[in-house]
Amino acid sequence: MKPFTFERATSPEQAVSAFAAQPHAYFLAGGTNLVDLMKLGVEAPGHLIDVSRLALDTVETAPGGGLRVGANVRNSDLAAHPAVRSDYPALSQALLAGASGQLRNLATTGGNLLQRTRCPYFQDLSAPCNKREPGSGCSAREGATRDMAVLGHSEHCVATHPSDMAVALAAYDAEVELLGPEGTRTVPAAAFHRLPGDTPERDTVLRPGELVSHLTLPAPPAGARAGYRKARDRASYAFALASAAAVLALDEDGTVRHAALAFGALAHRPWRARTAEEVLVGTRADADTFARAVDAELAAAEPLADNAFKVPLARGVALRLLTGLAEPPQPAANRPSGA
């Protein structure tokens, strides 16, 4: 690990100013991803600005409804928050599906959003990687592609984004609040992460020196049901092979009034399934409709040598999730244990 200087920010504004004053500065909160990358030599900040003690650690009711979540809220606390569990169950489920309990106790909301890919070639300094060293090449394209992207990838990068939480945020139409040298701005969560194109080193639309300060979740549609499902190699502490978050609201006759669907582990960013949503809205919520919608979305998939299985896997995850959300709620007395 290379030497670096360190300071503790006293306010979000002071953190942004400190970043602008130092070359190669990085913000540090929970450190669950950044510190690992520093140990590997993938990241080598010249200056660390500790933002972990800033007063960005509350979950509050947003003006007009919804929730406003501080960037320093710990993943465990956000997953357990009563308003999140009742009104945004897909977010709670996604957070609990990620990492271990110990890591969730340390990881922050902002840090979860900004975590970098777990592509092994990105983490291996001996392997060419355009994300780590632009212009050096993409080792993954001709290497082991089992865990790589099937949607939205480019000749320059086939890595996937690892966050479970970000998939749920995309489905909920959340927004990311940013504070930077030019003031504040808001970006839709579904547009916060980028597809690789020819600049895969840029994971997000963050501008230099911008700090994630809050997330805002709008009030869910009336009568909406939501959930998150994840397929992985083992049931604990494993990144997704395919995942999906969905928000579904039906009229009394079973017609889909609102549909939001997002996939995880299939692309360089959480993949908002706009094509599937267009098929769903205004149609009857049944197995045929769900299959037609998901197939329309996944028709754009371009599997690599080792990961064609991801397409039917993602299809199955999404169909099981949508089918479950469309079923009438069971009376409490008839629910399976643990439901």
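The model is predicted, so local features need pLDDT of at least 70, side-chain atom pairs count only at pLDDT 80 or more, and totals for chains, interfaces and linings use all residues. Residues are numbered from 1 along each chain as its sequence is written, and side-chain values use heavy atoms, without hydrogens and water.

First, the whole chain. It has 13 helices and twelve strands; these are DSSP runs, helices being H or I with at least four residues and strands E with at least two, numbered from the N terminus. Its radius of gyration, taken over C-alpha atoms, is 20 Å, close to the 20 Å that the globule rule gives for 339 residues, so the chain is as compact as a globular protein of that length. That rule is 2.2 Å times the number of residues to the power 0.38. Of the 339 residues, 52% are buried, meaning under 20% relative accessible area with a 1.4 Å probe, protein chains only; exposed is over 50%, and partly exposed lies in between.

Next, the aromatic rings. Rings of Phe, Tyr and Trp (its six-membered ring) pair if their centres lie within 6.5 Å; planes under 30 degrees apart count as stacked, over 60 as edge-to-face and the rest as tilted. By this rule there are two aromatic pairs. F19 and F27 have ring centres 5.0 Å apart and planes at 35 degrees, so they are tilted. For Y88 and Y172, the centres are 5.2 Å apart and the planes at 80 degrees, so this pair is edge-to-face. Y88 and Y172 are both buried.

Last, M1. M1 lies in the segment before β1 (5–8) and, at 59% relative accessibility, counts as exposed.
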